[in-house]
Every structure is written in structure tokens, then in C-alpha cells.
Amino acid sequence: MSRPSKPTELLLLEGKSHRTKAELEYREQGERALQVERELQESPQVKADKVAHAEFLRLKRLYSTIEIVSALDQQAINRYCLELSNVARMQDALSQMSGDLAAADDAEARERLYGQMNRTSAAIHKGVELLLKYEDRLFLNPAARIRAVPKTPPKEEKPAGIAAFMAKRAEG
């Protein structure tokens, strides 16, 4: 897997790049085209959830200074906040189940609780993994968008073969 591309601003700040000025300018135009000048909007589900709401506000403050994160990312950010809240809720449920497990007397009840705990944990991990893959494929996160920006400007097509011969002959 290739390394994600750095934004052009970062390349200019570092002062080193193997790209030409034309390539850097072309990439910078592509990055600017992906920026949206709208503020992040919180979804009603996030607003209703106390943990998710607090995380959204924290991320909004952090992202206010980063140009590459914009209103295009609000779906991913809202999902992240809801998932974070869901994971916290599920961890509380797992803690409760482990308390119930200690209090369980018979082997059948313990086996049932172990099964519930295992399924709950697996569902959390599977959901988070699926969301991350989905967001990456649809360019819903900043790193994926930077990778989507063309690295080089389009090359001028030069005539080849007989067309090149005829063009040279016409010039000379």
C-alpha cells in the first residue's frame, strides 16, 4: 500500500519535494477545488446523544483551523461521534455483563453471558472496520481526498509515428 500524499502546503513548508513547480501548482488547484466554505453541521442524532455531542464539539474546534477538513466531512464526523458513543455504551454493557457473570451461579447462565459478551464485542469491531473502509472508498476522510488529488498535470500529447514525421516535415 502506498503512503498517503502530503498536502502541497506541507510540502512547501518543509521546503523539499521531488515535484516540479508546475506539478505543485496543479495539485494545489486540485486541493482548493475540494474545499467547501461551509461550517460543519451536527446531525440530530449526535445532538441528542450527550457523549457524541461532546465529541462533535471537540472535533469542530480542532477542525476549525484545518482547511482540508470541511463540510464534506460532516457525515463521517457525525458517524464517528455516534460510533464513539456506541462503543462507550457497549463497553458499559460489557462491564455490566461481566458483573452479572461473577454473580451467575449456574454454568448455563455463564455460558449464555459469555456468548452475549463475545457477540457484542465482535459486532463493535466489525461495525467500526466497515465504516472506516466505506469512508475511505468514498473519499469521506481527508487522507483519502488528498490521495485523490492528481499528482501531475496532464501531459501534452505529441504526435507519434507517421503523424510526427508529417508534422516535422511541415515545419521544415
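Student: Leaving aside its neighbours within four places in sequence, which residues is Glu 83 in contact with?

Tutor: In this predicted model, Glu 83, which is found in helix 5, is in contact with Ile 124, Val 128 and Leu 131 once its neighbours within four places in sequence are set aside. Contact here requires heavy atoms within 4.5 Å.

Student: How do you know whether Glu 83 has a salt bridge or none?

Tutor: A salt bridge needs a side-chain nitrogen of Lys or Arg within 4 Å of a carboxyl oxygen of Asp or Glu. For Glu 83 the nearest side chain of opposite charge is that of Arg 79, and it is 8.9 Å away. Since the cut-off is 4 Å, Glu 83 is left without a salt bridge although it is buried.

Student: How many salt bridges does a search of the whole structure find, and what makes Glu 39 and Lys 60 a salt bridge?

Tutor: The search finds three. In the pair you mention, the side chains of Glu 39 and Lys 60 meet at 2.8 Å, N to O, and because the limit is 4 Å, the pair qualifies.

Student: Why is Glu 39 called exposed, and why is Lys 60 called partly exposed?

Tutor: Exposed means over 50% relative accessible area, buried means under 20%, and partly exposed is in between. Glu 39 has 52% relative accessibility and therefore counts as exposed, while Lys 60, with a relative accessible area of 27%, is therefore partly exposed.

Student: What makes Arg 89 and Asp 49 a salt bridge?

Tutor: Their side chains meet at 2.7 Å, N to O, which is to be set against the limit of 4 Å. This pair links distant parts of the chain, with Arg 89 in helix 5 and Asp 49 in the loop between helix 3 and helix 4, 40 residues apart. Asp 49 has a relative accessible area of 15% and is therefore buried, whereas Arg 89, at 46%, is partly exposed.

Student: How far along helix 4 are Glu 55 and Arg 58 separated?

Tutor: They are three residues apart in helix 4, which means a separation of about one helical turn. Glu 55 is buried, with a relative accessible area of 10%, and Arg 58 counts as partly exposed at 36% relative accessibility.

Student: Why is Gln 74 called buried, and which backbone nitrogen lies 2.9 Å from a polar atom of its side chain?

Tutor: Gln 74, in helix 5 (residues 74-103), has a relative accessible area of 15% and is therefore buried, the cut-off being under 20%. The backbone nitrogen in question is that of Gln 41. Beyond four places in sequence, Gln 74 is in contact with Arg 38, Glu 39, Leu 40 and Gln 41.

Student: Is Asp 73 buried or exposed?

Tutor: Asp 73, found in the loop between helix 4 and helix 5, has a relative accessible area of 2% and is therefore buried. Its C-alpha is 6.3 Å from that of Asn 141, although the two residues are 68 residues apart in sequence.

Student: Which residues form a nonpolar patch on the surface?

Tutor: Ile 162, Phe 165 and Met 166 form it, with about 340 Å² of accessible area together. Patch members need over 30% relative accessible area, and Ile 162, in helix 8 (residues 162-171), is exposed at 64%.

Conventions
Residues are numbered from 1 along each chain as its sequence is written. This is a predicted model: local features need pLDDT of at least 70, side-chain atom pairs count only at pLDDT 80 or more; totals for chains, interfaces and linings use all residues. Side-chain values use heavy atoms; hydrogens and water are left out. Helices (H or I, at least four residues) and strands (E, at least two) are DSSP runs, numbered from the N terminus. Buried means under 20% relative accessible area, exposed over 50%, partly exposed in between (1.4 Å probe, protein chains only). A polar contact is a pair of N or O atoms within 3.5 Å; within protein, one must be able to donate a hydrogen and the other to accept it, and residues adjacent in sequence count only if both atoms are side-chain atoms. Lys and Arg count as positive and Asp and Glu as negative; His and the chain ends are not counted. Patches are made of residues with over 30% relative accessible area and no salt bridge: like charges are joined within 9 Å, nonpolar side chains (Val, Leu, Ile, Met, Phe, Trp, Tyr) within 5 Å. Accessible areas come from the Shrake-Rupley method with a 1.4 Å probe; for residues, only the protein chains shown count as cover.
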